[in-house]
Each structure stands twice: as C-alpha cells, then as structure tokens.
Amino acid sequence: MCGIVGLLVKTPALRDQLGSLMVPMLIGMTERGPDSAGLAVFGTPTKNERRKISLYSGLTDDGADFNWAGLAHELREHLDMKVEISAKGNHAVLTVPTAPEAVKRYLREKHPKLHLLSTGRSIDLYKDIGTPAEVAARYDFESLKGSHLVGHTRMATESAVTPDRAHPFTAGEDFCLVHNGSLSNPNGIRRQLEPQGIHFDTDNDTEAACRFLEWRLREGDALEDALQKGFEELDGFFTFLMGTPEKLALIRDPFACKPAVVAENDGYVAIASEFRSLAHLPDIKNAKVFEPAPEEMYVWNA
Amino acid sequence: MERLIAPLEFDLAKLPLTEMNRFLHQELDDGDTRTVTVVNPDGAHNIAVGLNQPVKIEIHGHAGYYAGGMNKHAHVTIHGSAGTGVAENMMSGTVHVKGFASNGAGATAHGGLLVIDGDAGLRCGISLKGADIVVGGSVGSFSGFMAQAGRMVICGDAGDALGDSLYEAVIYIKGEPKSLGADAQFEPMTDADVEALAGLLDRAGLDHDPKSFRRIASARQLYHWNADANQEY
C-alpha cells in the first residue's frame, strides 16, 4: 500500500496556499503510507540558465548538522561559480548559475553520501522517513508555494525503508513520479536502460519507471507518447502521478489495482488515492469527483 | 455512552465512526425501521457495515471502502459515491449508491439488492453468490467474474472479460461489453428473463425497456475437466 496525492491550482491566488491545502491531503494518507513521505513542488522557473538542486544530507555522517555554508564556499572555490544556498536541517536547495553537470560531478566525487533529490528550473523536492505529519513539519510543507505539486506517503513493499527510497523519484531535470503499487519487471527495465548510460541510485522498482519515462521524454517523446510506451513496457500494478513544469499526469494499470480519485473545480484539480484526503478542500461539495479509468491518460496543464 | 434518541443523526466530523457502528450494532431494537442520517462521511471506511436491523441509513456525501458491507435487512442509501467493496458480502436488504462506485462493488454478495445509479468500477459482482446488482451506468473489466448465483443488470457498457468463468449467475446488459470472458455467452431472452428484468429495473427506479437488454450466462464448458482440450480453452 501507499498513498498518492497531487494538487494543481488553476487560479494564481491559490498558489500561496498550495502547501497549506496539501498538508491535510498528505496526512490523510497516513494509514496507507506511514513509513516515509515526500513531495515535489513546481514553482516559477529560474531565470536564464540557473538551476535549482535539492539536496538531502541525512545519509551523511553529519546528518542534519551538515555544513551547508561550507559546501557553498567549496563550490565557489573549486568550480568558480556563484552559488546560492537555502538550507534547513538535512535539506538544502542550491541555486547554480549554469547547467548543473559540473556541480553534480563535484558532489558525487567529494560528497558521495549527499543525496541529490532533484535538479531543474522549477522543481523543489523533499522526502524523508517518518510519518507524513512528521515529514510535513520537518520541512514546513505548510509554507510551500507554487502551481502544482506531487506527494506520496509510503508503506514499503519492494525495497527498504530509507530516505532515498522514499518518493517522489526524479530523473533528469524537472520531472518527478510517485507510485502506488509494485512493478514486476523493474530489473528488465533496468537492464534496458543501464547500457545506455542511465545510472540508478537505488534498487527501488519505482525508480525504474521514473527513469524509463524520463528517458522517453529525453528521447523526444511527448508526455502522452512516453506514457503510452510506459503502458506497453511497464508490467505490474501502478497508479503513477507525474509532474513536469507545465503538467500533472496520472495513469493507472489495466487492472486498476491501486486506487485513485480526482476532484476538479474552477480553482483546482486534486488527486488522491482515496476521497478522505480530499474531503477538507474548499468547496469540495461542488467539485466534480470521479474515478480515473484504467489505462487512460489524464493530463492537466499548470 | 448516553443512549441516542430520535432523530437519529450522526455527524462523522464530530463522532468517531466506531461509535456510530457500535450504536447501530448494539442499540437498535429488533425490527427497528427508523431512519438514521449520516453527515460528513468524508470518505471514511466501513460506514454502516454489518447491520442486522431493517433501519434506513441515509449517508450524505462520499463513502469510503466497504460501505454497507455484510448488510442484513437494512436499507442503505449513499447520496454520493462509494469506494472499493460497497455492499461486499451483503446478505439481504438494499444498498443504493446515487453516484458512482469503485472496484469490487457487491463482491461475494449472497442476497439483497445493490443499485448503483452511476458507473461501477472493475470487478463489479465478482464471485456473486445470490444477490441482485443493478448498475445504471457502465461497469469495468472482469465484472461478474466467477459469479455463482444472482443477477446483474448493466444499463450501460462493460469492460473486458464480462462474466468470465460464470457459474449460474445471469447478466443482463443493454450496451456493449468490450469482450466476454471465458465460457460466457449471449443467450436468447425468454419471457421469464424479461419479466425478472422488468422487476429489477422497477425496484432500482430505472426506466429502461427490458426487451432492449441481452442475456449473458455460462456455456458450462468449464464445469468439467476435458482431457481432450489439451489445456486450450
């Protein structure tokens, strides 16, 4: 079991409330996923070539006491780039002036235990072990702003309970995926992708789906074409919710083994595994509530 | 807890669901036909499960999993949608969903009537054991799988593998199934079918011409092992 939640606000006025609307949705899915939680939020893209890199230090020796200011200093020193850093406890968002490959390479070499959560111009990502309420409080999810977000509560079945195996997963830039279910061919997908130079961080089945779909997008597929290839290649049970800077997308396996319900009105589109995570949303009584069909693509534009 | 008196209204935003279900199990009189109103169900699981008296339950909002499950005698109406397994293993009485129902609606139900005004999800009436199910809209794939007894009425369409491995349950469908399951076949509608179907549609409050439906039942080819089939069915 796991819980998925997603929220896309249609009116700019609701962007400031994105986090506060979402937190009860996430906490509502605690029974479905009490061991870890996380979310990815999409906001206004950075200017020029600037990129944001979300980092997690909980797996380093220093944990939440990681010296983030020192890291920013190192990057300025060694890579000669002006780096901004916004850190809280075991989490930080680095903003770098150019494409992030050099920074990523440096981090891999010098700080191998620092976990890279996401890279992109719009995405910020948070995930950790703990109940959804604990994780939401740890990173102050209430205060998050943006146009849409993708969240997850985890009850691990296919791999261990660790922060890097929590969801959302990301691959490439500005793409994330959360998953309720279990895949039966993640290793086959992996064997298909690794010879093409695609690196995996964990043994988690969801990571295979995430990297497969991001690979299709990078190869030039439109999101809908990538999802169609996903239906053809990914075997098992899944409700997937995915985010890009412009879109929120939802698909369910042909057996609809894992639940999903959508509520939509003029103000927002909200998605959750179960209605009990949507019941608190404003004016929900007048929202159009429906269950997404299996093997259909649902894509909403931010 | 203080004994609640009429009007019976439970606000699940204020009262724990277990308190309401405990009251419905333990504090109703034999043959109690009162109306119990439930507000703010907010998708909670197990609302009004295991009832044993002919009360009327009016649920205003969306119900979570297993609403009206194991029902005996009671008449449960959900003015909203129902989650997975609504009226699962119902024994008698009625459960009426005014909106749509998720997967496994009426699974293994032995008796009574389940009415869903909207669509039902996948596996509706799976392993049906004698209840009647009337769906005003369409049903998802694998509906009626291994249904043993009872009747299913589908006013819309059906997904794949409708009535797969049917035993003696009968399915009436107005629209088109995407595909029939193994051993399910269309059969001619008899006068008795038309009469039975008219009765079910009437009880469900749905206005359809029973003659516009087709009957699906088991070809009974899977009942016995056939050594000559070479595992190909």
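Guide: Strands (DSSP runs of E, at least two residues) and helices (runs of H or I, at least four residues) are numbered from the N terminus, and two strands pair if DSSP finds at least two bridges between them. In chain A, five strands make an open sheet in the order S9-S10-S11-S12-S16, with antiparallel pairing. Its edge strands are S9 (169-170) and S16 (297-301) of chain A, each of which pairs on one side only. This is a predicted model, in which local features need pLDDT of at least 70 and side-chain atom pairs count only at pLDDT 80 or more, while totals for chains, interfaces and linings use all residues. Residues are numbered from 1 along each chain as its sequence is written, and chains are lettered from A and ligands numbered from 1 in the order in which they are written.

Visitor: How many bridges join S9(A) to S10(A)?

Guide: Two bridges join S9(A) to strand S10 (residues 176-183) of chain A, and the two run antiparallel. A:Thr170 has A:Cys176 in S10(A) as its bridge partner.

Visitor: Which helix lies across S9, S10 and S11 of chain A?

Guide: Axes are lines fitted to C-alpha atoms, for helices over the stretch in contact, and angles run from 0 to 180 degrees between N-to-C directions. Two residues are in contact if their C-beta atoms, placed from the backbone, lie within 7 Å. Helix H6 (residues 205-218) of chain A lies across S9, S10 and strand S11 (236-243), at about 130° to S10(A).

Visitor: At what angle do H6(A) and H7(A) cross?

Guide: The axes of H6(A) and helix H7 (residues 223-233) of chain A come within 9 Å and cross at roughly 135°. Angles under 35 degrees count as roughly parallel, over 145 as roughly antiparallel, 65 to 115 as roughly perpendicular and the rest as oblique; H6(A) and H7(A) are therefore oblique to each other. A crossing is left-handed if the near helix is turned anticlockwise from the far one by less than a right angle, and right-handed if clockwise; H6(A) passes H7(A) in a right-handed crossing. Among the residues in contact are A:Phe212 and A:Leu213 of H6(A), with A:Leu223 and A:Ala226 of H7(A).

Visitor: How are H2(A) and H3(A) oriented to each other, roughly parallel or roughly perpendicular?

Guide: The axes of helix H2 (residues 68-79) and helix H3 (residues 101-110) of chain A come within 11 Å and cross at roughly 115°. H2(A) and H3(A) are therefore roughly perpendicular, and their crossing is right-handed. A:Leu75, A:His78 and A:Leu79 in H2(A) meet A:Ala102, A:Val103 and A:Tyr106 in H3(A).

Visitor: What is the strand order in the sheet of four strands?

Guide: The order in this open sheet of chain A is S4-S5-S3-S6, with antiparallel pairing. S4 (84-88) and S6 (115-120) of chain A stand at the edges with a single partner strand each, so one side of each has no neighbour in the sheet. From one strand to the next, the twist averages 15°. Six bridges pair S3 (residues 51-56) with S5 (residues 91-96) of chain A; A:Ser54 has A:Val93 in S5(A) as its bridge partner.

Visitor: What does the secondary structure of chain B come to?

Guide: Chain B has two helices and eleven strands. The radius of gyration is taken over C-alpha atoms, and the globule rule is 2.2 Å times the number of residues to the power 0.38. For chain B the radius is 19 Å, close to the 17 Å that the rule gives for 233 residues, so chain B is as compact as a globular protein of that length. Its C-alpha trace spans about 70 × 35 × 30 Å along the principal axes.
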